Number of protein chains: 2
Amino acid sequence: MGKKYKPAISPTREEDYSKWYQEVIKASDLAEHSSVRGCMVIKPWGYSIWENIMDILNKMFKSTGVKNAYFPLFIPLSFMEKEAEHVEGFAKECAVVTHHKLEKGKNNNLVPAGPLTEPLIIRPTSETIIGESFSKWIKSYRDLPVLINQWANVVRWEMRTRIFLRTSEFLWQEGHTAHETKEEAKERARMMLDIYKKFAEEYLAIPVSSGVKSISEKFPGAVDTLCIEAMMQDKKALQAGTSHFLGQNFAKSSNIRFTTKKEVEELAWTTSWGVSTRLIGGLIMTHGDDNGIILPPKIAPAHVVLLPIIRKSIDAEKIMSYTNKLAGKLREKLYNNNPVIVEIDKRDIGGTKGWDWIKKGIPLRVEIGQRDMDQNSVFVGRRDMLPNEKKSVNRDEFIAKISQILDEIQNSIFSKANDFKNENTISINKTNMFYDFFTPKNHEKPEIHGGFVLSHWCGSENCEKKIKKDLSVTIRCIPFENKYEKGNCICCNAESTQRVIFAKSY
Amino acid sequence: MGKKYKPAISPTREEDYSKWYQEVIKASDLAEHSSVRGCMVIKPWGYSIWENIMDILNKMFKSTGVKNAYFPLFIPLSFMEKEAEHVEGFAKECAVVTHHKLEKGKNNNLVPAGPLTEPLIIRPTSETIIGESFSKWIKSYRDLPVLINQWANVVRWEMRTRIFLRTSEFLWQEGHTAHETKEEAKERARMMLDIYKKFAEEYLAIPVSSGVKSISEKFPGAVDTLCIEAMMQDKKALQAGTSHFLGQNFAKSSNIRFTTKKEVEELAWTTSWGVSTRLIGGLIMTHGDDNGIILPPKIAPAHVVLLPIIRKSIDAEKIMSYTNKLAGKLREKLYNNNPVIVEIDKRDIGGTKGWDWIKKGIPLRVEIGQRDMDQNSVFVGRRDMLPNEKKSVNRDEFIAKISQILDEIQNSIFSKANDFKNENTISINKTNMFYDFFTPKNHEKPEIHGGFVLSHWCGSENCEKKIKKDLSVTIRCIPFENKYEKGNCICCNAESTQRVIFAKSY
């Protein structure tokens, strides 16, 4: 069955993983570089994925009592400076607004005019500006908890950018909460991280490891940063979401105080947590193959594309009517509590239109030709299988089983990614083996980066630094599921009681 | 029935309309000024309204083939300069990014560093940056039409700001389309304006006049600007949405060219159209009264609030159980194809909690006390009626009729606004009457501004300018429904064939 084919994406992952990533984004029509340094244009197919991410996360957040709001894009420099560690962390990548109009200059060209008395920073994150509001909203324990989220664009001036993974402007959500007690705030930070893990695994089909960041990797100003880490196909880690327990650091700098039940004034305990358009980069690199991206049905902008094969020899009207009827029947079906989303590609461009949809990662392709009509069948290709593994299925059976098929695809995509992650996660106890594992061999592609290594770490920042300097490998997280285990630090051999996850990362 | 009451908002509309507007926003908890000059914080109750606006408009847009995408926040200065009229129109209110990091200055304080070689403008609107993408996407007539929308924040540096009406940063949607022919582009501009009109009237319950802007009032760079204009309760006009036919102006400056069916290269024809968070200001000023805002049910974040009256004398558990059961029954009901949204206010703060919800504009308040439980009834207040016009209704009847009651409220809110608009729209033929109409009398409040006046206009910009200078009155639009009618210009007495709408405006 089916002919041989050449991979649609060149170079392949094996040939040049970074270049493959760029090409696959182009071929799937997700996004493109803009003419503005480091900024991307998210095209409709890519933006639909983001809309689905927003919809699902909004439901998950709201079910825990979180409400959406919106805060200013601009942060006065003096606000940023209030939290020393925070401003230190972001100073090197801030877009700064210094003027509020344009005027004709000497050569009659336009130049910035109307200098601001205080420069404004474009938010790289909003702890300081939201903290200002919290300090006004919160007076008494009765006002707590405050559970807020915003969907917004943020700017971090990156020198080396990559679409979805690292861009100067990106879209994200940032949750900010304030609580009466330390325990409640810590619980909230963990609750939101668990939501991210559930979302990544059940919707994006991306298996993740979750845990706590080491001090050197935490968010500037946080007490603890919790994170989920995914493994890309080049075996590098991608930080896919973070949730911060901020202690009273930002409450102190923003003066968020409340009167307790005992009529004592205290500082509130705050958290913040976010995921961004980076998740789309994670989707591409976790599931994509040499024919394009592969979208898990639960996050795909459309589930099925119908491809009527219009040839001169056959009755175009008849085939369109068969196609439209099939679309109608499929749209009556539910998948994951929502109607099945069907696209119809009517273009009269021959066989290449199937490939366009393979590249775009749609879960199911249904070809409809004369023979299919005659036999009351459809010719179905699944994106989680090879492009030529198509098979003829009875039309009514296909309609009846659509939701089940989509579930199968969702599960098979997750299983594949999960197997890959498990196969490439190993425990190493010996320093030389550790170094060997993360050193590219001559015969290997330089883009393949080992995997996740569970090794003992004594907890010292010096060991972390040495490993980073020697191998460009960092501690991705101290896993939650850590068990007490005696061992020796992979770097300095000092005693250690737990393993951490080491990996190269994006 | 009911006691006398003092209006919840002070000052009242009559006493001081501008101040009333500020107070009503505060009392309804919609939004607040931020510490950043001219920027607002949209609080959860206000943001929920914006979420509903987004949801409904997204469905309306998508049903016409429009797809959402996202383009950069930053526009290089050179892009803005490509369309002369356009940059001229926005130069005086541009936030300009000139640096990309912060460094320690002389006094050890942080100062902007890393100067950019080309300043970046924060988008005041995105024709030029989206035009750049369109020029890449469009090669042939087969690529047309391109129908794109984005939901985004934009910045226009306003010197005098007012929450929702005029802020330096605001949220909006901006649609951008490109077409093969002039006719198709003009049709699209009109189609989107008609959607805005339908949305304003059927969802926001705001009656609007629609038409074309005069040349001096059109969007910088447009050929024609179509608009909807609403009448606020101080009888000033609020421009509530615009749709621009851009001709080939932006296609020329952004180089959007395509090959026609006849293999000739031509410039595309483009449109753009937008509505913003200003609509929330329109909602407040169209419907609000001296007790707070009034939300039409189709746009309200919640439809009904249940107010269990918890007193020591009665069984709190029993009343909560009655309340929860009622909430469950109401949530099973549909209003406008979606489940009825029910809030429960359990706070034990006595009678004032009803007033909190009046101020917030929720369509229905349902008080539940001992007597109501005994009689299987509920005590219902409608926000379109006076606060003390509450009545006892049989519980089951209330549940059965909930959707009908909400419809009645939606309609009564619209009718009231429509009557007000009609009563305050008059035709004037004599210049002295026109001047008299728009000149505040000693005995009148200065905030009441006449209304909409249909008068003849010869079409000259001079007459427009004179009226604006003398009376601060502008031409709001040349109405679509204009009939040919002979008359004389209200300003210069020259011959005219049509009436236009004059008004003071926000």
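In this predicted model, strand β20 (residues 377-382) of chain B is joined to β21(B) by four bridges, and the two strands run antiparallel. Within this pairing, F379(B) has S392(B) of β21(B) as its bridge partner. Both strands belong to an open sheet of five strands in chain B, arranged in the order β18-β15-β19-β20-β21 with mixed pairing. The edge positions are taken by β18 (342-344) and β21 (391-394) of chain B; each has a single partner strand, so one side of each is left without a neighbour in the sheet. From one strand to the next, the twist averages 30°. Helix α12 (residues 395-423) of chain B lies across β19 (364-368), β20 and β21 of chain B. The direction of α12 is at about 120° to that of β21(B).

The relation between the two chains was examined next. Two copies of a chain are related by a rotation about an axis and a shift along it. Here, chain A is superposed on chain B by a rotation of 180° with 0.0 Å of shift along the axis, at an RMSD of 0.0 Å. This is the relation of a two-fold axis. The C-alpha of chain A nearest the axis belongs to V97(A) and is 2.1 Å from it. The same surface serves both copies, as 98% of the contact residues of chain A recur in chain B.

Across the interface, 44 residues of chain A are in contact with 43 residues of chain B. On the side of chain A that touches chain B, strand β5 (residues 96-104) of chain A supplies the largest share, seven residues. By residue class, this side of chain A comprises 27 nonpolar, eight polar and nine charged residues. Strand pairing also links the chains: β5(A) and strand β5 (residues 96-104) of chain B pair in the antiparallel sense over three bridges. V97(A), whose C-alpha is the one in chain A nearest the axis, has V97(B) in β5(B) as its bridge partner.

Chain A is divided into domain 1 (17-287), domain 2 (304-405) and domain 3 (425-503). Between domain 1 and domain 2 of chain A, the C-alpha centres lie 40 Å apart.

Strand β14 (residues 269-276) of chain A is mostly covered, with eight of its eight residues buried. W269(A), T271(A), W273(A) and V275(A) point one way from β14(A), whereas T270(A), S272(A), G274(A) and S276(A) point the other way; all are buried. Strand β8 (residues 169-179) of chain A runs antiparallel to β14(A) and is joined to it by eight bridges. One of the residues involved is H176(A), whose bridge partner in β14(A) is S272(A). Strand β11 (residues 237-245) of chain A also pairs with β14(A) in the antiparallel sense, over four bridges. In that pairing, T242(A) stands opposite G274(A) of β14(A).

K213(A) is located in the loop between β9 (208-212) and β10 (224-231) of chain A. K213(A) counts as buried because it has 22 C-beta neighbours inside 10 Å, the cut-off being 20 or more. Apart from its neighbours within four places in sequence, K213(A) is in contact with K218(A), T225(A), C227(A) and C477(A). Of these, C477(A) is 264 residues from K213(A) in sequence, but the two are 4.7 Å apart in space, C-alpha to C-alpha.

Conventions:
Residues are numbered from 1 along each chain as its sequence is written. Chains are lettered from A and ligands numbered from 1 in the order in which they are written. This is a predicted model: local features need pLDDT of at least 70, side-chain atom pairs count only at pLDDT 80 or more; totals for chains, interfaces and linings use all residues. Two strands pair if DSSP finds at least two bridges between them. Axes are lines fitted to C-alpha atoms, for helices over the stretch in contact, and angles run from 0 to 180 degrees between N-to-C directions. Two residues are in contact if their C-beta atoms, placed from the backbone, lie within 7 Å. Ala, Val, Leu, Ile, Met, Phe, Trp, Tyr, Cys and Pro count as nonpolar, Asp, Glu, Lys and Arg as charged, and the others, Gly among them, as polar. Domain bounds come from an automatic or database domain assignment. Copies are superposed by least squares on the C-alpha atoms of residues with pLDDT of at least 70 in both. A residue is buried if 20 or more other C-beta atoms lie within 10 Å of its own, exposed if 12 or fewer, and partly exposed in between; C-beta atoms are placed from the backbone.
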